[in-house]
Amino acid sequence: MSDVVLSFDDIAAAHDRIRAEAHRTPVLTSTTADGRVGGRLFFKCENFQRMGAFKFRGAYNAIAQFTPAQRVGGVVAFSSGNHAQGIALSARILGVKALILMPTDAPAIKVAATRGYGAEVVLYDRYSEDRDAIGQRLADERGLTLISPYDHPHVMAGQGTVAKELIEEVGPLDVLITPLGGGGLLSGCATAAKAMSPGCSVIGVEPEAGNDGQQSFRSGKITFPVIQQRVDDILTVSDAELASAMKFFAIRMKMIVEPTGCLGAAAAFGGQLDLRGKRVGIVLTGGNVDMARFASLIADVA
């Protein structure tokens, strides 16, 4: 990929396309959180999105643009959780059959939810099998259209509606902090933020244990030109910082956010950025976490 393939017009069109089905999620604030960083924090709560995560936006935007032939054929996707559920629910709403390839060690709650939305689930061993190859083979054999969880222009445009809504609601931002997984959300949000709030710095955050994005970004070799050109930096946070943020949201703001959903907040709370006197948007990406695991993660937080 050598050219930026995502524009703000793509995001605006996606927003019109998904508006009737996607929730316009709340933007919440906390004086306690503000006091911790010395700035004004605006949390965009995608844990309250349909199926519990922002992934519904990109999935619906992608399937809604299928040709008649693609709708008849159906959709295939690979995911360990939230993209799977987003595709499954969107396909059900749009009357398209869905096949989801999920790893055998995917959280049981997410496998059950995906099946509950009506999708066929095919399990694979992530350690010995290639999900891309299996997905493409199934697409070829069954006449399905493969939708990647991140590097798909329609998925990225749909995810960018998160930042569009946030800035529409609260106005210009000095900083936008967004979790970084596959890169689709960060690409979309960076595109929206730079168009709507040109002076805004966009920061991606990923787990300390898996900082592939940070390494490739800082070496100038990242495969997402949108991120390379529109994101200002990529930070990492520890598992302990994620657990601490999860506990903060549960106790102080009375809501459940999954571990990776807390990446942006954990970076803000951790002091890596000087947020004093700044208006800061933070994307909370989802709330799909097993309750037993949630309890165990926050139990050890002081």
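Predicted model: local features only at pLDDT ≥ 70, side-chain atom pairs only at ≥ 80, totals over all residues.
**Whole chain**

Start with the protein chain in cartoon view. Its secondary structure amounts to 14 helices and 10 strands. The radius of gyration is 18 Å, close to the 19 Å that the globule rule gives for 302 residues, so the chain is as compact as a globular protein of that length. Along the principal axes, the C-alpha atoms fill a box of roughly 55 × 40 × 40 Å.

Switch to a surface. The chain exposes about 12200 Å², and 49% of that comes from carbon and sulfur atoms. Of the 302 residues, 56% count as buried. Among contacts with a separation of 6 or more, 72% are between residues 24 or more positions apart. Colour by charge next: there are 30 positive and 31 negative charges, and their mean positions lie 6 Å apart.

**Helix H1**

Select residues 8-18, which form helix H1. Which of its residues are buried? They are Ile 11, Ala 14, His 15 and Ile 18. Look down the helix axis: these buried residues fall within an arc of 105°, so they line one face of H1.

Turn to the face away from the buried side, where the exposed residues Asp 9 and Asp 16 sit. Then show what the buried residues of H1 pack against: helix H3 (55-63), helix H8 (153-170) and helix H9 (184-196).

**Helix H6**

Move to residues 108-116, helix H6, and pick out the buried Lys 110, Val 111 and Thr 114. Seen down the axis of H6, its buried residues fall within an arc of 100°, so they too line one face. The face turned away from them carries the exposed residues Ala 108, Ala 112 and Gly 116.

What covers the buried residues of H6? The cover includes helix H5 (82-94), strand S4 (98-103) and strand S5 (120-124). After H6 comes Gly 118, with a positive phi near 100°.

**Val 175**

Finish at Val 175, in strand S7 (residues 175-179). Is Val 175 buried or exposed? Val 175 is buried, with a relative accessible area of 6%. Leaving aside residues up to four places away in sequence, Val 175 touches Cys 200, Ser 201, Ile 203, Leu 275, Lys 278, Arg 279, Val 280 and Gly 281. For a distance check, draw a line from Val 175 to Ala 119: their C-alpha atoms are separated by 38 Å, and the two are 56 residues apart along the chain.

Notes. Residues numbered from 1 in each chain as written. Heavy atoms only, no water. Helix = DSSP H or I, 4+ residues; strand = E, 2+ residues; numbered from the N terminus. Rg over C-alpha atoms; globule rule 2.2 N^0.38 Å. Buried < 20%, exposed > 50% of the residue type's maximum accessible area, 1.4 Å probe, protein only. Contact = heavy atoms within 4.5 Å. Areas by Shrake-Rupley, 256 points an atom, 1.4 Å probe, with all protein chains shown as cover. Lys, Arg positive; Asp, Glu negative; His and termini not counted. Charge placed at Lys NZ, Arg CZ, Asp CG, Glu CD. Arc of directions from axis to C-beta.
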